Amino acid sequence: MLYIRILCMLILAVLTVHTAYSRTRNRMIPCQGELNPICPAIMYYNSESPGGDSSWLHAIKAAIEKEPKEPLYYYALGVIYFNNRQFAESVAAFEEAEEKGYKRDADYYLHIGTACLQSKQYSKGIHHLNHCLNQRPDDTVALQTIAQAYYQHQDYKQAIIYWEQLLHIQPKNAFAMFMLGKSYMAHGDKKKGELWCDKATADL
């Protein structure tokens, strides 16, 4: 029974990480009212499955050639690269958007921070995601992304801090409980870690 419960948590972990990535991806798309109507890539934002079509990439690059000072175009380019899983290119486009004057709000930091982590720019990604949390402390996507990044890089002390913050907002988040338990065990507190893992799997 214990092995089945652990297997269920591993499956949940995969689904949760994929969901977090998808939520970040979906939150990248600005509302239609924010778009410049002359942008040739406007259809990209209205499509049901943005990304994966090189025509969008050509369209936004053409827009940049015509209006090289428009920050939204560079941001849109970053979105397209992100959705195509070209994360290093996405980071560069987001940075160019910021240099051209794009607003550095919580969403901007969430998006560029996630892209940085996906492109293995670890320190930069954590830095941007913490800026996101400075502006939006209860952003569960940012909290989970940072916690997972710290765990993967074996900084278990920091991972514990962010898993606990996430659980403060989502006290029934079984995945966060399980990962908090694994973080405690990896940090040397086996008893506390097992308690959290047991709590996470209690209803499975």
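1. In this predicted model, the side chains of Lys-124 and Glu-95 form a salt bridge, with N and O 3.0 Å apart. Lys-124 belongs to helix H7 (residues 122-135) and Glu-95 to helix H5, so the pair ties together parts that lie 29 residues apart in sequence. Lys-124 is partly exposed, its relative accessible area being 33%. Glu-95, at 27% relative accessibility, is partly exposed too. Side chains of opposite charge can pair when their charged atoms come close.

2. The structure contains six salt bridges. One of them joins Arg-136 to Asp-107, where the closest N and O atoms are 2.9 Å apart. Arg-136 sits in the loop between H7 and helix H8 (140-152), and Asp-107 sits in helix H6 (residues 106-118), so this pair ties together parts that are 29 residues apart in sequence. Both ends count as partly exposed: Arg-136 has a relative accessibility of 26%, and Asp-107 has a relative accessible area of 24%. The pair also belongs to a network of salt bridges that links Asp-107, Arg-136 and Asp-139.

3. A further salt bridge is made by the side chains of Glu-98 and Arg-104, at 3.6 Å from N to O. The cut-off for a salt bridge is 4 Å between the side-chain nitrogen and the carboxyl oxygen, so the pair at 3.6 Å qualifies. Glu-98 is partly exposed at a relative accessible area of 26%. Arg-104 is also partly exposed, with 47% relative accessibility.

4. As to the overall make-up, the chain has 11 helices and zero strands. Read from the N terminus, the order of elements is α-α-α-α-α-α-α-α-α-α-α. The chain has 204 residues, of which 45% are buried. Among contacts in the chain with a separation of 6 or more, 50% are between residues 24 or more positions apart.

5. Two packed helices are described by the angle between their axes and the distance between the axes. For helix H4 (residues 71-83) and helix H5 (residues 87-99), the axes come within 8 Å and cross at roughly 165°. H4 is therefore roughly antiparallel to H5, and the crossing of the two is left-handed. On the H4 side, the residues in contact are Pro-71, Tyr-74, Tyr-75, Leu-77, Gly-78, Val-79, Tyr-81 and Phe-82. On the H5 side, they are Phe-87, Glu-89, Ser-90, Ala-93, Phe-94, Glu-96 and Ala-97. By class, this contact has 11 nonpolar, two polar and two charged residues.

6. Arg-85 lies in the loop between H4 and H5. The backbone of Arg-85 deserves a look: Arg-85 has a positive phi of about 65° although it is not a glycine. Most residues other than glycine have a negative phi. Is the side of the chain at Arg-85 buried or exposed? Arg-85 counts as exposed, at 51% relative accessibility.

7. Gln-154, in the loop between H8 and helix H9 (156-169), likewise is not a glycine and has a positive phi, here about 60°. Gln-154 is exposed, with a relative accessible area of 59%.

8. The other helix pair to check is helix H10 (residues 174-187) with helix H11 (residues 190-201), whose axes come within 7 Å and cross at roughly 165°. H10 and H11 are therefore roughly antiparallel to each other. Angles over 145 degrees fall in that class. The crossing of H10 and H11 is left-handed.

9. The contact between H10 and H11 involves Ala-174, Met-177, Phe-178, Leu-180, Gly-181, Lys-182, Tyr-184 and Met-185 from H10. From H11 it involves Lys-190, Lys-192, Gly-193, Glu-194, Trp-196, Cys-197, Lys-199, Ala-200 and Thr-201. The class counts for this contact of H10 with H11 are nine nonpolar, three polar and five charged residues.

Definitions and conventions: Residues are numbered from 1 along each chain as its sequence is written. This is a predicted model: local features need pLDDT of at least 70, side-chain atom pairs count only at pLDDT 80 or more; totals for chains, interfaces and linings use all residues. Side-chain values use heavy atoms; hydrogens and water are left out. Axes are lines fitted to C-alpha atoms, for helices over the stretch in contact, and angles run from 0 to 180 degrees between N-to-C directions. Helices (H or I, at least four residues) and strands (E, at least two) are DSSP runs, numbered from the N terminus. Angles under 35 degrees count as roughly parallel, over 145 as roughly antiparallel, 65 to 115 as roughly perpendicular and the rest as oblique. A crossing is left-handed if the near helix is turned anticlockwise from the far one by less than a right angle, and right-handed if clockwise. Contact means heavy atoms within 4.5 Å. Ala, Val, Leu, Ile, Met, Phe, Trp, Tyr, Cys and Pro count as nonpolar, Asp, Glu, Lys and Arg as charged, and the others, Gly among them, as polar. Buried means under 20% relative accessible area, exposed over 50%, partly exposed in between (1.4 Å probe, protein chains only).
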